[in-house]
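Visitor: Could you walk me through this protein, please? I am new to reading structures.

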Amino acid sequence: MHGIIFSQLRKYVVTKQGSRAWSTLLKHAQLENRSYLSVSEYPDAEMEALVSAAAKMSGQSATVVLEDFGVFIAPLLMNIYRHLIPGDWKTLDVIENTEETIHHVVRVQTPGAKPPVLRTTRRSEDEVVLIYGSPRKLCALAIGIARGVAKQFNEAIEVTQTKCMHNGAPYCEIVFRKGFKFW
């Protein structure tokens, strides 16, 4: 997994739980003295161990931690890939086109990078269905990133996961709909 995810996980943990939390997390994950560089690749098993330890430390499920982390990391990802996102796009457009724009560039610019394979269907102006496939099974992170993207656009989205690899499905199917804000 790409090092930027690990370095951002560190920032997330410190932001949520304080400056000593990262070293405690590393200890609980049995990764003491491990450091992560944004430009390197690391074993997926280390992310699994860190997320599991973070869930135990926070008293939340790994799903909740991953989704919250996705919301946290979305502004950075939007900033990094802003040049690939047309000015008239909104949340559902970004979700619909991530594979062809952002993931394509990630694969070209970072040999060995393995972002999840995404397939989308635009059912209407207000709805996109995302098919998420990855052996990492980080669908909760994808949902969190989508929620974070919506926050960047000051939009509300509704999310329904109709299939999940964690429940035995061969892929995850996530439906994103434009939501309504009442303020």
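**The sheet and its surroundings**

Guide: Strand E1 (117–124) is joined to strand E2 (residues 127–133) by 7 bridges, and the two run antiparallel. Strands (E, at least two residues) and helices (H or I, at least four) are DSSP runs, numbered from the N terminus. Two strands pair if DSSP finds at least two bridges between them. This is a predicted model, in which local features need pLDDT of at least 70 and side-chain atom pairs count only at pLDDT 80 or more, while totals for chains, interfaces and linings use all residues. Residues are numbered from 1 along each chain as its sequence is written, and side-chain values use heavy atoms, with hydrogens and water left out.

Visitor: What is the order of the strands in the open sheet?

Guide: The order of the 4 strands is E1-E2-E4-E3, and the pairing is antiparallel. E1 and E3 are the edge strands, each pairing on one side only. From one strand to the next, the twist averages 20 degrees. Helix H7 packs on this sheet, touching E2, E3 and E4, and its direction makes about 165 degrees with that of E3. Such angles run from 0 to 180 degrees between N-to-C directions, with axes fitted as lines to C-alpha atoms, for helices over the stretch in contact. Contact means heavy atoms within 4.5 Å.

Visitor: Why is E2 described as largely enclosed?

Guide: E2 is largely enclosed by the rest of the structure because 6 of its 7 residues are buried. Buried means under 20% relative accessible area, exposed over 50%, and partly exposed in between (1.4 Å probe, protein chains only).

Visitor: Now the helices. At what angle do the axes of H4 and H7 cross?

Guide: The axes of helix H4 (residues 62–81) and helix H7 (residues 139–152) cross at roughly 45 degrees and come within 6 Å. H4 is therefore oblique to H7. Angles under 35 degrees count as roughly parallel, over 145 as roughly antiparallel, 65 to 115 as roughly perpendicular, and the rest as oblique.

Visitor: Which residues of H4 and H7 meet?

Guide: Among them are Leu66, Phe69, Ile73 and Leu77 in H4, and Leu141, Ile145, Gly148 and Gln152 in H7. By class, the contact of H4 with H7 has 13 nonpolar, 5 polar and 3 charged residues. Here Ala, Val, Leu, Ile, Met, Phe, Trp, Tyr, Cys and Pro count as nonpolar, Asp, Glu, Lys and Arg as charged, and the others, Gly among them, as polar.

Visitor: Which residues of H6 are buried?

Guide: In helix H6 (residues 99–109), Glu99, Thr101, Ile102, His103, Val105 and Val106 are buried. The buried residues of H6 pack against H4, helix H5 (91–97) and E1.

Visitor: Let us turn to the loops. Where is Met165, between which strands?

Guide: Met165 lies in the loop between strand E3 (157–163) and strand E4 (172–178). Met165 is buried, with a relative accessible area of 10%. Leaving aside neighbours within four places in sequence, Met165 is in contact with Tyr132, Ser134, Lys137, Pro170, Tyr171 and Cys172. Ser134 is 31 residues from Met165 in sequence, and their C-alpha atoms are 9.1 Å apart in space.

Visitor: Is Asn167 buried or exposed?

Guide: Asn167 is exposed, at a relative accessible area of 70%. Asn167 is also found in the loop between E3 and E4.

Visitor: What is the phi of Gln30?

Guide: Gln30 has a positive phi of about 60 degrees, although it is not a glycine. Gln30 is found in the loop between helix H2 (21–28) and helix H3 (44–58), and counts as exposed at 70% relative accessibility. Asn33, in the loop between H2 and H3, has a positive phi of about 65 degrees and is not a glycine either. At 82% relative accessibility, Asn33 counts as exposed.
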